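Here is a short briefing for someone opening this structure for the first time. Keep the sequence and the 3D view side by side as you read.

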Amino acid sequence: MAPIYYILIALPSTIGAIALALTHIYRHLLNYTEPTYQRFIVRIIFMVPVYALTSFLSLIFNESSIYFDSIREIYEAWVIYNFLALCLEWVGGPGAVVLSLTGRVLKPNWCLMTCCFPPIPLDGRFIRRCKQGCLQFVILKPILVAITFVLYAKGKYQDGNFSARQSYLYITIIYTISYSMALYALALFYVACRDLLQPFNPVPKFIIIKSVVFLTYWQGVLVFLAAKSGHIKDPEEAAEFQNFIICFEMLIAAVGHLYAFPYKEYAGANIGTSRGFGASLAHALMLNDFYHDTVHQFAPAYHDYVLYNHSNDTGDEGARKYRTKTFVPIGSEMENVRKNKQTFAPPTVQSPNSVQGTTKPEAMNSSLLSDASNSASAPYDFTLIDMDIQVPANKETGKK
């Protein structure tokens, strides 16, 4: 067990963080008027109880801390994916993003580490790569955890042991690469869609997510490096110190979530009515969206896309399912699609450049984006992407 003063200080912080987060989640579920958004918000807020509880249990049962830390790290990957999914829902889905940003490119920039690459077209391929960057971390992390458990049982794994004969060094390298790819994909998506996300005030949300996920990880790496260099007695003490700090940090994160994801934005909304606490919780915990997203993004031959009727009144995604073959063209073909954008894009996402000679679109406000619609025609390239098409619940629709 960790030193008693660690536990005495961490206990009230843990209780306070869990109480604030669960109250916040409860408020969202009681005011579950926009389930398409709030499903992801509830999952993100739940990171505070998971982080706080697992870190405190690691202080109490430090010999079993590897199991508690693994749960925390898996949920860390889950949060990154859900935040990207939330951003996509805010702007109307992947199809709406492609239609809004068609003809744009992400200019080379040294801050984004794209200075040595040609301009990146903001098309269906770009959105798909961003989603794949986040999903690979969600998929890889449980696999790394399972490998860690096997190696730990055989005495080949020890937290903070950077010896070449121990697997901690190699797992940390693989984890860091996968983790960095996920955060990089999230950053690229934010830069490309920053102006589209502006009505949803994304800055505080990005800050709180990046602070909790990014800083806690590198904080742990630095603490173990301090143990290796002799500034901390040993890796066991370093792990205890890391868990102690996280317990306190989660109290700050819980307060930050209250301001970043306020439930009052959805309380009394005219979009829909809440179905009650139990039904709302069940909807938030369903993993069907993650399953379909994974299949869509990593199976190039998968042509049948399940279309859900996102009912704002009930939030029921499972009532009706339709299948269709959805192709989103990229490159020069999109110029023709843009003229008919209102037919395909959700009404909440408007494109000011759908008519020639109009003013500069919002998506062009960023200095990192440029218009490539007048460039030389590229070969036809069709990219599969899942488009969220609104289908009335009271109409019978067959297979297309």
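Residues 168–191 are 100% helix and 0% strand, with 34 Å between the end C-alpha atoms. The model is predicted. The UniProt entry, which is unreviewed, lists residues 168–191 as one of its "transmembrane region" spans.

**Spans from the record**

- UniProt also lists residues 6–28, 40–60, 80–101, 134–153, 203–226 and 241–261 under "transmembrane region" in this unreviewed entry.
- Residues 241–261 are 95% helix and 0% strand.
- The end C-alpha atoms of residues 241–261 are 29 Å apart.

**Nonpolar cores**

- The largest nonpolar core holds 75 residues.
- Met47, Ile80, Phe83, Leu86, Phe189, Met250 and Phe261 touch the most other members of this core.
- Helix α7, residues 168–197, gives the most to this core, with 14 residues.
- A further core of twelve residues lies apart from it, including Ile66, Phe162, Ile171 and Ala239.
- What does Phe189 touch, beyond residues up to four places away in sequence? Its partners are Leu84, Cys87, Leu88, Phe126, Ile127, Cys130 and Leu197.

**Tyr184 in helix α7**

- Tyr184 sits in helix α7.
- Tyr184 is partly exposed, because its relative accessibility is 29%, between the 20% and 50% cut-offs.
- Beyond its neighbours within four places in sequence, Tyr184 contacts Leu112, Met113 and Thr114.
- Gly133 is 51 residues from Tyr184 in sequence, yet their C-alpha atoms are 7.9 Å apart.

**The loops on either side of α7**

- Asn161 is in the loop between α6, residues 124–153, and α7.
- The side chain of Asn161 makes a polar contact of 3.1 Å with the side chain of Gln158.
- A polar atom of the Asn161 side chain also lies 3.0 Å from the backbone nitrogen of Ser163.
- Setting aside neighbours within four places in sequence, Asn161 is in contact with Gln166, Tyr168 and Leu169.
- Asn201 lies in the loop between α7 and α8, residues 202–229.
- Asn201 is not a glycine, but its phi is positive, at about 50 degrees.
- With a relative accessibility of 45%, Asn201 counts as partly exposed.

**Cysteines**

- How many disulfides does a search of the whole structure find? The count is zero.
- Cys193 is buried, at a relative accessible area of 0%.
- Cys247 is also buried, with a relative accessible area of 0%.

**Salt bridges**

- Side chains of opposite charge can pair when their charged atoms come close.
- The structure has four salt bridges.
- Asp289 and Arg43 form a salt bridge through their side chains, at 3.0 Å from N to O.
- This pair links distant parts of the chain, with Asp289 in helix α11 (residues 288–298) and Arg43 in helix α2 (residues 35–45), 246 residues apart.
- Buried or exposed: which describes Asp289? Asp289 is buried, because its relative accessibility is 15% and the cut-off is under 20%.
- Arg43 is buried too, with a relative accessible area of 5%.
- Asp69 pairs with Arg72 in a salt bridge, their closest N and O atoms being 3.4 Å apart.
- Both Asp69 and Arg72 belong to helix α4, residues 65–90, and are three residues apart, about one turn of the helix.
- Asp69 is buried, with a relative accessible area of 9%.
- Arg72 is buried, with a relative accessible area of 8%.
- The side chains of Lys141 and Glu73 meet in a salt bridge of 2.7 Å, N to O.
- Lys141 is in helix α6 and Glu73 in helix α4, so this pair ties together parts 68 residues apart in sequence.
- Lys141 is buried, at 5% relative accessible area, whereas Glu73 is partly exposed, at 26%.

Conventions
Residues are numbered from 1 along each chain as its sequence is written. This is a predicted model: local features need pLDDT of at least 70, side-chain atom pairs count only at pLDDT 80 or more; totals for chains, interfaces and linings use all residues. Side-chain values use heavy atoms; hydrogens and water are left out. A nonpolar core is a set of buried Ala, Val, Leu, Ile, Met, Phe, Trp, Tyr and Cys residues joined through side-chain atoms within 4.5 Å. Buried means under 20% relative accessible area, exposed over 50%, partly exposed in between (1.4 Å probe, protein chains only). Helices (H or I, at least four residues) and strands (E, at least two) are DSSP runs, numbered from the N terminus. Contact means heavy atoms within 4.5 Å. A polar contact is a pair of N or O atoms within 3.5 Å; within protein, one must be able to donate a hydrogen and the other to accept it, and residues adjacent in sequence count only if both atoms are side-chain atoms. A disulfide is a pair of cysteine sulfur atoms within 2.5 Å. UniProt positions are given in the numbering used here, feature names are shortened, and annotations may be inferred rather than shown by experiment.
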